[in-house]
Amino acid sequence: MIIPLFLMNRGCPHRCMYCNERLTAGNHPARVTEAAFAETVRTHLRSAPRKPGPVQIAFYGGTFTGMEREEQRRLLSMAEPFLREGAVDGIRISTRPDGIDKEALDLFRTTGVKTVEIGAQSLHEGVLIESHRGHTETDTVRALTLLKENGFKTGIHLMAGLPGDNPDRFAETIRKTIALRPDMVRIHPTLVLRDTPLAQAFYQGMYKPLTLPEATDLCKNALKALTSAGIPVIRLGLQTTRELEEPGAVVAGPFHQAFRSIVEAALFLELATSLLLSAEQGNGVTSSGSAKTDRLTARFTVSPSDLSSFCGAGRGNIAFLQERFSSEEIRITSHPTVSRGTVILTHGNQQLQADGAGRITRLQG
Ligand code: SF4
């Protein structure tokens, strides 16, 4: 459970090309007062549904370590009573990679900070320069290394489709992220937001945003690679806010409120297709329908939590599979014993399993 407080561009050395925190974080006050802080935390503790795992207060938005050290101390000290009474287990902050130094870590260590999320956005120098991020890939490597050496949990934020990015550069960013071994990753596709330099670049024809299918494909491949490396992707797509949904807030770009579901549906379709092709080879039939045997039933089983993503919007994945594998009868079931992200295919006397990384294992037949 995360109790978020937003710092609204505080501590940022400049405004990044794409950033409009009034839209992405919502309209929060510029300064977090002690009374507002306590009220937010208590309200969350009272009303938010409890999930298993630790409770953390999170300072998001802005650049936490870019603020005056005294202000950082003031904010962190507000959490102290909640930590002392055991209502929360730790603090989580997000900051820029060039904002991590030994002094910052000393402060974190003594104030209950357990997790630090780094806004890396890209690990390609050209993309960082074109996006006016003002830090380097080396800053991210150094920050992650320091944080890990000092025992903090780490997260990396990435963006797909930044100015200067392309599928090869994004794949390189994912490979470098995996090499850094963060504890978690968040990814969102770049959106052209109102009142940003990126919107000006877009209007001048200098920036072309990703389409929704392009963003889905990039993020699907990233999800697969990170899952395969055992690194959880805890968010895909921006969390929507009332402000982001206002007409004109998103000027252009692949905005979708259920972006993660779209990406997961694309990945499930890929897994189901691979499973069925493997099973057909095993049974001596082909997807064109030149079967040596009678029409077979292809029964997919997934976790109940994945059922909707597996079927896709409007059951589009099922329709696609039924058309592509017209010699099969496609059936879907769910079972609580199947892990999230896993698909099991029962086909004739075979049973095959695909995990979220795309690895296929023969369970039977
Ligand atoms: S550092 Fe983060 S919060 Fe600050 S301007 Fe850049 S993107 Fe926005």
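There are eight aromatic pairs in this structure, where rings of Phe, Tyr and Trp (its six-membered ring) pair if their centres lie within 6.5 Å. Bear in mind that this is a predicted model, so local features need pLDDT of at least 70, side-chain atom pairs count only at pLDDT 80 or more, and totals for chains, interfaces and linings use all residues. Residues are numbered from 1 along each chain as its sequence is written, and side-chain values use heavy atoms, with hydrogens and water left out.

**Aromatic pairs**

- The ring centres of phenylalanine 6 and tyrosine 60 sit 6.2 Å apart with planes at 45 degrees, so this pair is tilted (under 30 degrees counts as stacked, over 60 as edge-to-face, the rest as tilted).
- It's a link between distant parts of the chain, with phenylalanine 6 in strand β1 (residues 2-6) and tyrosine 60 in strand β2 (residues 56-60), 54 residues apart; helices (H or I, at least four residues) and strands (E, at least two) are DSSP runs, numbered from the N terminus.
- Phenylalanine 6 is partly exposed at 21% relative accessibility, while tyrosine 60 is buried at 12% (buried is under 20% relative accessible area, exposed over 50%, partly exposed in between, with a 1.4 Å probe and protein chains only).
- Phenylalanine 37 and phenylalanine 82 are tilted too, because their planes are at 55 degrees, with centres 6.2 Å apart.
- Phenylalanine 37 is in helix α2 (residues 34-47) and phenylalanine 82 in helix α4 (residues 80-84), so the pair ties together parts 45 residues apart in sequence.

**Salt bridges**

- The structure has 24 salt bridges, each a side-chain nitrogen of Lys or Arg within 4 Å of a carboxyl oxygen of Asp or Glu.
- Glutamate 71 and arginine 10 form one of them, at 2.8 Å from N to O.
- Glutamate 71 is buried at 10% relative accessible area, whereas arginine 10 is partly exposed at 23%.
- Lysine 176 and glutamate 137 meet at 3.2 Å, N to O; they lie in helix α8 (residues 167-180) and helix α7 (residues 137-149) respectively, so this bridge ties together parts 39 residues apart in sequence.
- Glutamate 329 and arginine 331 also pair up, at 2.8 Å, N to O.
- Glutamate 329 comes out partly exposed at 27%, and arginine 331 is partly exposed at 35%.
- Shared partners join Arg10, Arg31, Glu71 and Arg74 into one salt-bridge network.
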